[in-house]
Amino acid sequence: MTGLTPKSKTPRRAIPPQERSHEVDHPSSPVAEFGIDKPLRLDCGVDLAPFQIAYQTYGELNADKSNAILVCHALTGDQHVANRHPMTGKPGWWETMVGPGRPLDTSRYFIICSNVIGGCMGSTGPASLNPATGKVWGLDFPIITIPDMVRAQAMLIDYLGIETLFAVVGGSMGGMQVLQWTAAYPERVFSALPIACATRHSAQNIAFHELGRQAVMADPDWDHGRYADKAVHPHRGLAVARMAAHITYLSDAALHRKFGRRMQDRELPTFSFDADFQVESYLRYQGSSFVERFDANAYLYLTRAMDYFDIAADHDGVLTAAFRGIETRFCVVSFTSDWLFPTAESRALVHALNASSARVSFAEIETDKGHDAFLLDVPEFFDIAHAFLESAGKARGLNEPGE
Amino acid sequence: MSLQQVLPLNGAAAREALAYRPDHLLIAEMVDRGSKVLDVGCGDGDLLQLLESRGIDGRGIELSREGVNHCVAKGLAVVQGDADTDLSNYPDDAFDYVILSQTLQATRRPKAVLENLLRIGRRAIVTFPNFGFWRMRLQLLIGGHMPRTENLPATWYDTPNIHFCTIKDFVQLCDEINVKMERAVALDSYARPLRFNMPWWFWNMFGEQGIFLLSRAGKAR
C-alpha cells in the first residue's frame with residue numbers, strides 16, 4: 001500500500017468555473033470540521049468559528065505516531081500534493097518530491113498536507129459560504145496571517161491525534177509556515193526543511209504583491225469583492241496578477257533558455273499587440289489556466305498574509321529570540337537564481353539559527369530555474385532533502401523500510 | 001612514537017585507521033565523547049563523519065558550495081560560510097571544541113579567527129602545514145623558488161593559502177593572545193607524530209604539520 005491513491009474521487013477533466021465554488025465548500029479530499037466550541041484565534045482579533053480544514057494524506061501513520069510529515073503549500077498551491085488535481089486533472093504539485101522512493105517517501109512516512117486557512121480548495125476562506133449570512137464571505141472574511149495558518153494546521157494535527165511532527169516541509173509561503181511552526185511550536189517539530197523562503201517578506205516582494213492585488217481590484221468584475229453574488233469572476237485582473245507573479249518565479253536565464261526571442265506560430269511580427277512572442281503566449285496561458293482554479297479574493301488574502309510575515313517583529317525585532325534554545329534540526333535550502341527569496345535571506349535565517357546553537361544545515365543549490373526551482377526536477381536538491389530526512393530519521397529512531 | 005602507539009589498534013580502530021586520515025584520527029582522539037563540536041572549513045565532511053561515528057555532536061562551516069552540498073547530502077549539519085566573516089554570528093561558549101583543520105593559512109585574518117575560535121568554543125583544535133619544515137626551507141634556500149609539496153601542490157599564483165606560518169610563529173601567536181597550549185603534536189611527512197620530548201626547533205624543522213589543542217589561558221584582557 002503506497003498510500004498514493006487519495007481517499008477521494010478525482011475527475012480527470014477540468015471542472016468548469018461554476019463548480020469551483022463546490023470544491024470550496026465541499027472538497028473532494030477529507031475535511032476536519034471545527035465547531036463554534038473550537039474557534040480559530042486570528043491575529044486580527046477575530047475568533048473564526050465554525051471553520052473547516054481540507055487536507056490530504058499519503059502513506060501510513062506508524063504505531064507510535066512518529067513518522068508524520070506536514071507539507072506546507074505555497075501561495076497558489078493546495079492539499080493535492082501527490083494526487084491528480086480534482087479540478088485541473090493535472091498531477092499533484094510536488095510529485096517529484098512526494099511518493100514511494102522519493103525524498104518524502106510515502107512508503108516510510110505519513111505525509112499530511114492541508115489547504116491553508118484563507119485558501120479556496122476546501123479550507124474556510126473568503127470564497128466559502130459565511131454561515132451567518134448564507135452568502136460568500138468575500139471581503140467580510142477576516143484578514144489572516146501566516147501564524148493563523150499554522151495555528152489552524154496545529155489544530156488539524158491535534159485532530160489527527162499526532163503530538164510531534166517528524167518533519168515540517170515547504171517552499172516559499174510553505175517555507176514561511178515551516179519557520180512559523182518552529183517559532184511557535186518548537187517542541188512539536190522534530191525537523192524542519194524550509195526551502196526558498198525568508199523570515200520576513202521583503203519590500204520588493206510586498207511591492208509585487210500590491211501590483212497583483214491592484215490588477216485584481218482594477219477589474220470591474222471584482223466589484224469590491226462581491227463578484228460571487230453576481231456569479232462572475234474577475235478573471236482578467238487575476239490573470240494579469242498571475243502573469244506578473246509568474247515572472248518573479250522564473251529567472252532571466254530560464255526565460256531566455258525556454259523562449260529566447262522566438263515567435264509563436266509565425267515567422268514575422270504581426271505589427272499588432274497579438275502574442276507574437278512565445279514568452280507572451282506562455283504568460284497568457286499561465287494567467288488563463290490559473291483563474292480557472294483559483295479565487296480572486298483568496299489571492300488577495302493569501303498575498304496579504306505573506307506581506308505581514310515577519311518573525312523577528314513578533315519577537316521584539318530580535319530574530320534569534322524566535323529560535324532560542326530550539327532543538328529542532330534544520331535544513332535550509334536556497335537557489336542561486338531565486339531573486340524573489342534570494343540566498344541572503346536564507347543566510348540571515350541561518351545566522352540566527354547559529355546564534356541559537358541550533359543544529360542546522362544550509363545548502364545553496366546552483367540552478368538557473370529561479371524561485372520555482374523548488375517545484376522542479378533539481379536532483380541535487382532531492383539528494384539533500386533525502387539525506388537530511390534520512391539522518392533525522394535515524395536520530396528519531398524511525399525504522400528502515402521493510403523492518 | 002608511531003601512530004600505532006598513539007592509538008590502541010583493535011579491529012574497529014584498524015578499520016578506522018584505514019578509512020580516515022591520520023591527522024583526523026589524532027584530532028578525534030583529542031575530543032571527548034558526547035561533546036559538541038564545530039568544524040570550521042570542514043571540506044567534504046570526512047572529519048565530521050568520523051566524529052559523529054564516535055558519538056560526537058558535530059556541526060560544520062564550509063566556504064565552497066560543492067563541499068557544503070556534499071556534506072548535507074551525507075546528512076551532516078553543515079552551513080555555507082566564511083571563517084573570516086561568519087564566526088562572529090556564533091554566541092560565546094556555543095561549542096565544547098571548535099576545529100580549524102588545515103584552514104588557518106587560508107584565512108584573511110588568522111589572529112581574529114583564532115580569537116573567535118576560543119570565544120565560541122571552550123577549546124580549539126588547530127592544524128596547519130608547517131612552513132618551517134626542512135623541505136620547504138630547502139626549496140627556498142637551494143631552489144630559490146616558493147616551496148611546493150605533495151600536501152601543498154598549488155603554485156604561488158593560484159594558491160588559496162595566503163598566511164603561511166611555521167610552528168614557531170604559531171606558538172608565538174598563541175603566547176601573544178594569551179592562549180594556553182594544552183597539547184601539541186607535530187607530524188612528519190608520513191603523518192607520524194614526532195617524539196614529544198624533542199625541542200621546539202626540532203619540531204619546527206621536521207614537522208610537516210602541527211596539531212594544537214588550545215584553551216583560554218584566563219580572563220587576561
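Modeller: Here is the setting, then the helix, then some other spots in the model.

This is a predicted model. The predictor gives the complex an ipTM of 0.83 and a pTM of 0.90. Chain A averages a pLDDT of 93, and 94% of its residues score at least 70. Chain B averages 90, with 92% of its residues at 70 or above. Treat the starts of the chains with care. In chain B, the stretch under 50 is residues 1-7.

The helix belongs to chain A, so let us look at that chain. The secondary structure of chain A comes to 11 helices and 14 strands. Of the 403 residues, 52% count as buried. Now take the contacts in chain A with a separation of 6 or more. Residues 24 or more positions apart account for 71% of them.

Now the helix. Helix α4 of chain A covers residues 203-218. That makes 16 residues. From first C-alpha to last, α4(A) reaches 22 Å, close to the 22 Å expected at 1.5 Å a residue.

Which residues of α4(A) are buried? They are His209(A), Gly212(A), Ala215(A) and Val216(A). To count as buried, a residue needs 20 or more other C-beta atoms within 10 Å of its own. Look down the axis of α4(A): the buried residues fall within an arc of 115°, so they line one face of the helix. An α-helix has 3.6 residues a turn, so residues three or four places apart point the same way.

What lies on the face of α4(A) turned away from its buried side? That face carries the exposed residues Ala203(A), Gln204(A), Ala207(A) and Gln214(A). On the buried side, other helices come in. What covers the buried residues of α4(A) includes α5 (235-249) and α8 (296-308) of chain A.

Follow the chain on from α8. Ala313(A) is in the loop between α8 and α9 (319-322). Ala313(A) has 14 C-beta neighbours inside 10 Å, so it counts as partly exposed. The C-alpha atoms of Ala313(A) and His80(A) are separated by 32 Å, and the two residues are 233 apart along the chain.

Chain A also has some backbone details to check. Most residues other than glycine have a negative phi, and most peptide bonds are trans. A cis peptide bond joins Ala49(A) and Pro50(A), with omega about -10°. Pro50(A) is in the loop between β3 (47-48) and β4 (51-58). Lys65(A) has a positive phi, near 55°. Lys65(A) is in the loop between β4 and β5 (68-72). With 15 C-beta neighbours inside 10 Å, Lys65(A) counts as partly exposed. Asp265(A) has a positive phi too, near 50°. Its place is in the loop between α6 (252-258) and α7 (278-293). Asp265(A) counts as exposed, because it has 8 C-beta neighbours inside 10 Å.

Next comes the partner. In all, 20 residues of chain A are in contact with 17 residues of chain B. On the chain A side, α10 (343-355), β14 (359-365) and α11 (379-396) each supply at least two residues. The largest share comes from α11(A), with 7 residues. By class, this side of chain A has 9 nonpolar, 5 polar and 6 charged residues.

Chain B has 10 helices and 7 strands. Its radius of gyration is 17 Å, which agrees with the value near 17 Å for a compact globule of 221 residues. Buried residues make up 39% of chain B.

Met205(B) is in helix α10 (residues 200-206) of chain B. Met205(B) has 19 other C-beta atoms within 10 Å, so it is partly exposed. Leaving out residues up to four places away in sequence, Met205(B) touches Gly132(B) and Trp134(B). The C-alpha atoms of Met205(B) and Lys168(B) are 9.8 Å apart, and 37 residues separate the pair along the chain.

How values were computed
Residues are numbered from 1 along each chain as its sequence is written. Chains are lettered from A and ligands numbered from 1 in the order in which they are written. This is a predicted model: local features need pLDDT of at least 70, side-chain atom pairs count only at pLDDT 80 or more; totals for chains, interfaces and linings use all residues. Helices (H or I, at least four residues) and strands (E, at least two) are DSSP runs, numbered from the N terminus. A residue is buried if 20 or more other C-beta atoms lie within 10 Å of its own, exposed if 12 or fewer, and partly exposed in between; C-beta atoms are placed from the backbone. Two residues are in contact if their C-beta atoms, placed from the backbone, lie within 7 Å. pLDDT is the predictor's confidence in each residue, from 0 to 100. Ala, Val, Leu, Ile, Met, Phe, Trp, Tyr, Cys and Pro count as nonpolar, Asp, Glu, Lys and Arg as charged, and the others, Gly among them, as polar. The expected span of a helix is 1.5 Å times one less than its number of residues. The arc is that of the directions from the helix axis to the C-beta atoms. The radius of gyration is taken over C-alpha atoms; the globule rule is 2.2 Å times the number of residues to the power 0.38.
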